[in-house]
Amino acid sequence: MNGKKEAVEINIPPATQAKLLQTEKKSVLGGFSCNTWLWKVWDFCKEDSNRVTFSLKVGLSVLLVSLLSLLRAPYEVFGTNTIWSILTAVIMFEYTVGATFNRGFNRAIGTVLAGILAIAVGQLALRAGQVAEPIVIGISIFLIGVVTSLMKQWPSFLQYEYGFRVTLFTFALIIVSCYRMGNPIRIAMDRLYSIAIGGLVAVLVNALVFPIWAGEQIHKELVNNFNSVADSLEECVKKYLEDDGLNHPEFSKTLEDEFPDEPAYRKCRGTLNSAEKLENLANSAKWEPPHGRFRHFFYPWSECVEVGAVLRYCAYEVMALHGVVHSEIQAPHNLRITFQTEILDATSHAAELVRSLGKDISNMKRSLKTSLLKKVHSSTERLQRAIDMHSYLLTTNCDNPNPVTLSQTLSTNLNDRLADFNTNSLENTQTGNLPRAQGDSSHYYHDMMRKQSRRLHSWPPREVGAFEEEGGIGVNILPRMRALESSAALSLATFTSLLIEFVARLDHLVEAVDKLSIMAKFKDEGL
């Protein structure tokens with residue numbers, strides 16, 4: 001009995017467990033993937049509700065056109081030509097009203113042109129005789145294909161590329177059908193009617209049922225780009241000043257993860273890739289009639305594209321700042337926080353100005369930016385003066401940095417941030433280690449920097465003690481150390497210069513937005 005129980009305990013449970021594990025794995029795998037996919041779809045739709053609206057409108061337009069085939073009465077009139085209505089409705093329906101008008105115009109011109117050419121070539125082929133008819137038709141298809149394909153590549157006709165394509169395939173289908181079925185005029189007219197019905201349904205549904213205007217979309221895109229640049233600037237500066245070097249993940253791993261702890265950086269990177277999107281929205285908005293807030297003709301949509309280009313010009317500097325934050329060569333943390341107040345002040349005012357410009361575009365109001373510009377320029381000038389006054393902190397070319405003189409020249413803010421540095425230096429002075437000769441100053445300088453390097457985790461990662469293992473402190477070692485330390489300190493100068501350059505580029509951004517507000521007739525903020 002015990003043996004059997006043991007056999008049962010040994011043999012049956014493992015098989016049962018294996019079977020349960022397999023079924024559980026399948027169910028969990030299938031359920032998890034399904035749930036994950038559903039949540040992704042939900043998040044995708046929640047991110048922009050217009051996506052759901054657009055999808056529902058497409059389904060509605062296709063349903064309305066399909067009634068021509070589903071209902072007996074219209075089918076008896078149009079017959080199998082209703083397939084052209086369905087095809088036209090699906091192809092013409094675009095995300096915005098302007099894009100649908102644009103495509104509808106191309107569709108209409110291409111169809112009419114193809115119908116006229118098909119009728120003319122068909123009549124010519126009939127008069128050429130039964131033997132020459134297919135030859136004439138074949139040559140005409142070849143020539144129309146060559147001409148339309150060449151013209152749609154012409155730079156001036158790029159926006160009509162879809163129209164040339166419609167001309168080609170509509171002409172080919174009509175002329176071939178006429179050759180087999182005869183009566184080219186009737187075939188061309190029937191298909192023109194069907195295409196007109198499908199295009200009309202697509203335009204009416206898109207323009208009347210919860211319309212999505214390209215003008216609103218381009219303004220929304222610009223405002224999001226302004227906010228993304230401002231958020232990314234603040235995020236980048238905050239990370240640079242708060243990073244003490246204690247936790248530096250591997251750069252390749254961080255790059256693969258696309259910097260998960262920096263969401264604003266990813267949005268700013270999207271701003272750099274928004275040129276084509278803004279251009280397409282501007283071209284679509286030109287086809288839209290006056291509506292909503294855009295109630296006058298000839299709205300300066302091209303100027304919106306120019307504003308986006310200037311904004312990307314500023315975003316390049318933010319990306320450069322991000323590159324300094326994640327560079328291998330980093331200034332010591334105590335040196336970075338020495339200028340923390342000035343850097344944060346310039347950053348906050350610059351970000352405030354960028355957001356204010358985006359808000360003006362969103363509200364379509366014009367406000368004076370004189371006070372904000374003065375704050376940005378004054379804060380930047382303070383940062384420049386601080387860097388200029390204490391530029392010796394960014395290089396190691398000076399010998400024997402006297403701590404007493406240093407504390408007297410720094411401002412009150414700098415004195416507070418270098419308190420630890422002054423304390424260590426005064427201790428060396430009290431113990432009699434203050435250098436009295438040029439040779440002693442080198443030893444004193446090395447001791448001080450060795451303590452700072454051991455306390456701070458900054459570039460270069462190699463400990464200073466490694467120099468001692470190579471043979472102690474010699475004449476050739478000190479210049480080498482100073483070169484490495486100078487390179488690390490100069491990264492702070494690079495960061496501040498990029499920040500100052502970003503502020504300088506804001507002047508161009510203010511001018512571009514002001515020009516747009518004048519051309520678009522924005523209301524004054526006081527009105």
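This is a predicted model: local features need pLDDT of at least 70, side-chain atom pairs count only at pLDDT 80 or more; totals for chains, interfaces and linings use all residues.

User: Let's start at the surface: why is L70 called exposed?

Analyst: L70 has a relative accessibility of 63%, and exposed means over 50%, so L70 counts as exposed. You will find L70 in helix 2, residues 50–70. Together with L60, L63, L64, L67 and L71, L70 makes a nonpolar surface patch of about 520 Å².

User: Thanks! And how much of the protein is buried?

Analyst: Buried residues account for 40% of the 527 residues. For the overall picture, the protein has 22 helices and 2 strands, and its accessible surface is about 29,500 Å², with 61% of that belonging to carbon and sulfur atoms.

User: What makes R165 and E161 a salt bridge?

Analyst: Their closest N and O atoms are 2.2 Å apart, and the cut-off is within 4 Å, so the pair qualifies. In general, side chains of opposite charge can pair when their charged atoms come close. R165 and E161 are 4 residues apart in helix 7 (residues 161–181), so about one helical turn separates them.

User: Where in the chain do R505 and E317 sit, as salt bridge partners?

Analyst: The side chains of R505 and E317 meet at 2.9 Å, N to O. This pair links distant parts of the chain, with R505 in helix 22 (residues 477–519) and E317 in helix 13 (residues 301–325), 188 residues apart. Both partners are buried.

User: How do you know whether K369 and D360 are buried or exposed?

Analyst: The limit for buried is under 20%. K369 has 8% relative accessibility, so K369 counts as buried, and D360, at 10%, counts as buried as well. Their side chains form a salt bridge of 2.2 Å, N to O. The structure holds 12 salt bridges.

User: On to the rings. How many aromatic pairs are there, and what makes Y240 and F495 a stacked one?

Analyst: The count comes to 9 aromatic pairs. For Y240 and F495, the centres are 4.0 Å apart and the planes are 10° apart. Pairing needs centres within 6.5 Å, and stacked means planes under 30 degrees apart, so the label follows. The pair links distant parts of the chain: Y240 is in helix 9 (residues 214–242) and F495 is in helix 22, 255 residues apart. Y240 is buried, at 1% relative accessible area, and F495, at 0%, counts as buried too.

User: Then why is the pair of F297 and F298 called tilted?

Analyst: The planes of F297 and F298 are at 55°. Stacked needs under 30 degrees and edge-to-face over 60, so a value in between is tilted. Their ring centres lie 6.5 Å apart, and both F297 and F298 are exposed.

User: Which charged end sits over the ring of Y240?

Analyst: That is R336, 5.2 Å from the ring centre. Another case is R103, which lies over the face of Y162 at 4.2 Å from the ring centre.

Definitions and conventions:
Residues are numbered from 1 along each chain as its sequence is written. Side-chain values use heavy atoms; hydrogens and water are left out. Buried means under 20% relative accessible area, exposed over 50%, partly exposed in between (1.4 Å probe, protein chains only). Accessible areas come from the Shrake-Rupley method with a 1.4 Å probe; for residues, only the protein chains shown count as cover. Patches are made of residues with over 30% relative accessible area and no salt bridge: like charges are joined within 9 Å, nonpolar side chains (Val, Leu, Ile, Met, Phe, Trp, Tyr) within 5 Å. Rings of Phe, Tyr and Trp (its six-membered ring) pair if their centres lie within 6.5 Å; planes under 30 degrees apart count as stacked, over 60 as edge-to-face and the rest as tilted. A charge sits over a ring if NZ of Lys or CZ of Arg is within 6 Å of the ring centre and within 35 degrees of the ring normal.
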